[in-house]
Amino acid sequence: MEMDKLVSLCKRRGFLFQSSEIYGGINGFWDYGPLGVELKRNVKDAWWRDMIGSHNELLQSPGAPSTHEMVGLDCTIIMHPQVWKCSGHYDLFHDYMVDCRESNKRYRHDQIRGRWVEAKNQKIFVATMAPVGQEQDDVQRKALKFFHLRAKNADDLKWVGDFVDLIGIEQVEQVLAPDAKTLGTLTEPREFNLMFKTYIGALSGEEGAAQLRPETAQGIFVNFKNIVDSTRVRIPFGVGQIGKSFRNEITPRNYTFRSREFEQMEIEFFCHPDTSHKWYQYWRDRRFRWYTELGLAGERLQLRDHHADELSHYSTGTADIEYAFPFLPEGEYGELEGIAHRGDFDLRSHMEGKLDPNTNPLELEKDEHGKPRWRGSGKDLSYRDDLSGERYIPHVIEPSAGADRATLAFLCEAYTEDQAPDEKGNLQTRVVMKLHPRIAPVKAAVFPLVKKDGMPEVAKELYGELKAIGNVFYDEKGAVGRRYRRQDEAGTPYCITVDGQSLKDKTVTIRDRDTLEQTRVKIEDCVEEIKQRLQ
RNA sequence: GCGGGCGUAGCUCAAUGGUAGAGCAUCGGCUUCCCAAGCCGACUACGAGGGUUCGAUUCCCUUCGCCCGCUCCA
């Protein structure tokens, strides 16, 4: 399937629009049209229902180590700035970067060091990314090359001062960038803040600075104690949340795949450390099955376990659910969801302060004065098991899914072209969105075969009754074949047609989107029949 | 952010230094008893800003957006 065909259909039929399109669009932001919003809402509703609403905490789910409970949460997009400092996002997302116009390489401004050197009446600053100890070799080699000197003439280089950080060097035009041959190729340092910044308070300055959340998960961690204290949930239990998140992606691309404003469906599952690996396995398998049951059953979906060397040492497993999107190169997959075993990293970080993920066992990250780099809340987020009396910090399994990415994958998977005969029996190409009935934006369409002889009246009445089961559509205009094809493009699974026979024996036909087969049912049974088929 | 390509109607495309045309779609009417039928009619576009010019959709610059490659990807 070519991606541009799907993009064209989504625009034409109202699944997806570029945000602010009449003003030229805005990079990395997308709107869901009337069909798209139904589809995405159905995806989110299916997730919420399957993970939380319909979960039976009295029964042990297949593959689960024990019974478990599930509750929901809806927290704010803007949170206390300390949340992001302790979570690690602030440090990781916040850098000054410089680009080299010659080599097209990008560097973290604070990682470039260098040394002034003079030769042939010219004084330049030779920059390097080499580790301490190899810096002098690196800059000498580059300086010799720049001044066209031989190694034996190294004494002609007059070094001025010791190594210093590039930060503080004002004469940018005299800087020889780490991978450049000419001077002054570095851009001004630019702040790369992958988190969206905002300001709290109508008049506030920097002291009111805050961020739009880059993930919904932290809201669950910081509410862990509230949930335990208010709901009588017992470990093991999970907290689910659906909501918008924001990331300043450097290169938003590939349709809605990498959007700057996007929606997540996340679960933080809290369990005893001794059972955490089994729960990880459970969620990994269960989440994969969820996609297959909604129609991503083909080879384009895969479950990929991270290699041991990709894992943080505090994690015993991470797996990605990936889909081979048509816009990716052959053999490449894009992430729909990550399931991560996160140990007690998150709860401890919000208790004690930001932990250093490179320590084992985990230790508090310290600044140059030996103080905590970012202070935690100081609140006790441990859990006491009322039955055993044991107190511990729960381990966390995090299935984190992208609602927009899942929606896009369902759209890609659904797009199908097949051949169907037209009125004269000639085969015509038919575009049909084979969406699973649970997520299809329109559940059924009702047509009078022709707009006369009392057929519209019968069809309109049936339409009214069908409204009770979901989004249905009524159409009496033009040829019936065209109406069928229109519904095929919208992914409507069933079309119900009132014809001449309906008037005699009170029956209608139900036409199946995928097989084109029609079956005749009594009008009075029609609502129940459609309801059955949609499940 | 860098390099390259592109931007004309809802969609897919065309033409042109003298202000744009088609197919499909959409809407209205007629017709029509099962898969994009037919007839009549209607609506709709040069991404934005500036410059050159008597005149710019066309040439130039800037900007925004899209695609490809590089970079980035917690």
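Reader: Hey, how far apart are the end C-alpha atoms of helix α14 (residues 523-534)?
Author: They sit 17 Å apart, which agrees with the 16 Å that 12 residues should span at 1.5 Å a residue. That expected span is 1.5 Å times one less than the number of residues. Helices are DSSP runs of H or I with at least four residues, strands are runs of E with at least two, and both are numbered from the N terminus.

Reader: Is this an experimental structure or a predicted one?
Author: It's a predicted model, where local features need pLDDT of at least 70 and side-chain atom pairs pLDDT 80 or more, while totals for chains, interfaces and linings use all residues. Residues count from 1 along each chain as written, chains are lettered from A and ligands numbered from 1 in written order, and side-chain values use heavy atoms, without hydrogens or water.

Reader: Ok, which residues of α14 are buried?
Author: Ile523, Cys526, Val527, Ile530 and Leu534, with buried meaning under 20% relative accessible area (1.4 Å probe, protein chains only). Seen down the α14 axis they fall within an arc of 95°, so they line one face of the helix. The arc uses directions from the axis to the C-beta atoms.

Reader: And what do they pack against?
Author: β25, α11, β27, β28 and β29, counting heavy atoms within 4.5 Å as contact.

Reader: New topic: what's the strand order in the seven-stranded sheet?
Author: This open sheet runs β3-β13-β14-β22-β17-β16-β15, with mixed pairing; a pair needs at least two DSSP bridges. β3 and β15 stand at the edges with a single partner each, so one side of each has no neighbour in the sheet.

Reader: How do β13 and β14 pair?
Author: Antiparallel, over 10 bridges, with Val239 standing opposite Glu268 in β14.

Notes: Buried means under 20% relative accessible area, exposed over 50%, partly exposed in between (1.4 Å probe, protein chains only).
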